[in-house]
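Please work through the exercises below with the sequence and the model side by side, trying each task before reading its solution.

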Amino acid sequence: MSKRGLVLSGGGGRGAYQAGVYKYLTENNFYPEVISGTSVGAINAVALGCGLRPEQLISLWKTISIGTVMRYRLFRAVMDFFLNRLSPIADPTPLERFLNDNLNFDVLRSNHTQVYITATNILNGELEIFSNQEITVKHILASAAIPMVFPWQKIGTQLYWDGGLMANTPILPLLEKDIRDIVVVLLSPIGHVDSDIPKNRSEVFERVFELIQIGSFQNFKYSIESGRSLSNVTISEMVKSQFKGLIEDWLGGGEFRLRIVSPKVSLGMKSILNFSPSQADHLIKTGYEDAREQLGNLED
């Protein structure tokens, strides 16, 4: 296991959780050589690729507010709704400015740590992967372009939405690099607790959202736990047919270690668009404590 990898899922304002997890990882000498992220996970992945230390990433999250991420344009969205025109409810220009002010892309391009972020090509439905040398703020905005919340992003001649639409936990770039010591940070609960039966429509909607968030990774995880074979496993969006051979080769290529950190309970739908210092502070602490509890000694 010569190389270590880190996978950062999407989840909007929940991304502060990953900063707390990363602090624990570095305190235990886990420094990934390959990092993959989508949506808010892409923001964190690129921040690390730009050389931010754990305390700097934490500080960045504690300075984030809704005003540094988006500018709502609800009146226009409401008017366009009645006129049957497509219009997102938020303008990401503040986030673009915030990222440009806080990230050094020259460091990213020269960094030996490999960083990959993903976005969904609207025109052909393909998941596309971008690496250090090509990543710009535009690529980050594309990876985090939640449909109907943010506008799609045009890169070259192609249009992109949030990478989480196809694979909210983008582990494929690490498989392509044959990384065999992987920590995955999810922003939805996975297998830690039994949830109560939903009591109303809002709870049903929240449960469905959480399942969608973790569904593709659960499918991949199951394929590992069921005998290292994909022969009887339904391939989801994340594990599309063209990747089947790649994953079978990875599973059959020797020892590997896959460790997961995730919240123990749902963080709630409101947390997705809650970019506040108070939530960030809570999630940073929760991420750190969950990592300590769920990962233990990383050398074991």
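The exercises that follow concern a predicted model, and each task is followed by a worked solution.

**Exercise 1.** Find out which residues lie closest to the centre of the largest pocket, and which helix gives the largest share of its lining.

*Solution.* Start with the pocket itself, the largest one, which has a volume of about 510 Å³. Its lining is made up of 24 residues, and those closest to the centre are Gly164, Leu165, Phe209, Ile212 and Gln213. Next, turn to the helices: helix 10 (residues 201-225) supplies seven residues, the largest share of the lining.

**Exercise 2.** Decide whether Ile64 is buried or exposed, and list its contacts beyond four places in sequence.

*Solution.* First locate Ile64, which lies in the loop between helix 3 (54-63) and helix 4 (66-69). Its relative accessibility is 9%, and because buried means under 20%, Ile64 counts as buried. Leaving aside neighbours within four places in sequence, Ile64 is in contact with Val69, Phe98, Phe275, Ser276 and Pro277.

**Exercise 3.** Determine which parts of the chain are linked by the salt bridge between Arg4 and Asp181.

*Solution.* Begin with the pair, whose side chains meet at 3.6 Å, N to O. Arg4 belongs to strand 1 (residues 4-8) and Asp181 to strand 9 (residues 181-185), so that distant parts of the chain, 177 residues apart, are linked. Then check accessibility: Arg4 is buried at 17%, and Asp181 is buried at 4%.

Key:
Residues are numbered from 1 along each chain as its sequence is written. This is a predicted model: local features need pLDDT of at least 70, side-chain atom pairs count only at pLDDT 80 or more; totals for chains, interfaces and linings use all residues. Side-chain values use heavy atoms; hydrogens and water are left out. On a 1 Å grid over the protein atoms alone, a cavity is a set of points where a 1.4 Å probe fits but cannot get out, and a pocket is an open set with protein on both sides within 12 Å along at least five of seven lines; lining residues have an atom within 4 Å of a point. Grid points are joined across faces, edges and corners, and a volume is the space filled by probe spheres set on the points. Helices (H or I, at least four residues) and strands (E, at least two) are DSSP runs, numbered from the N terminus. Buried means under 20% relative accessible area, exposed over 50%, partly exposed in between (1.4 Å probe, protein chains only). Contact means heavy atoms within 4.5 Å. A salt bridge is a side-chain nitrogen of Lys or Arg within 4 Å of a carboxyl oxygen of Asp or Glu.
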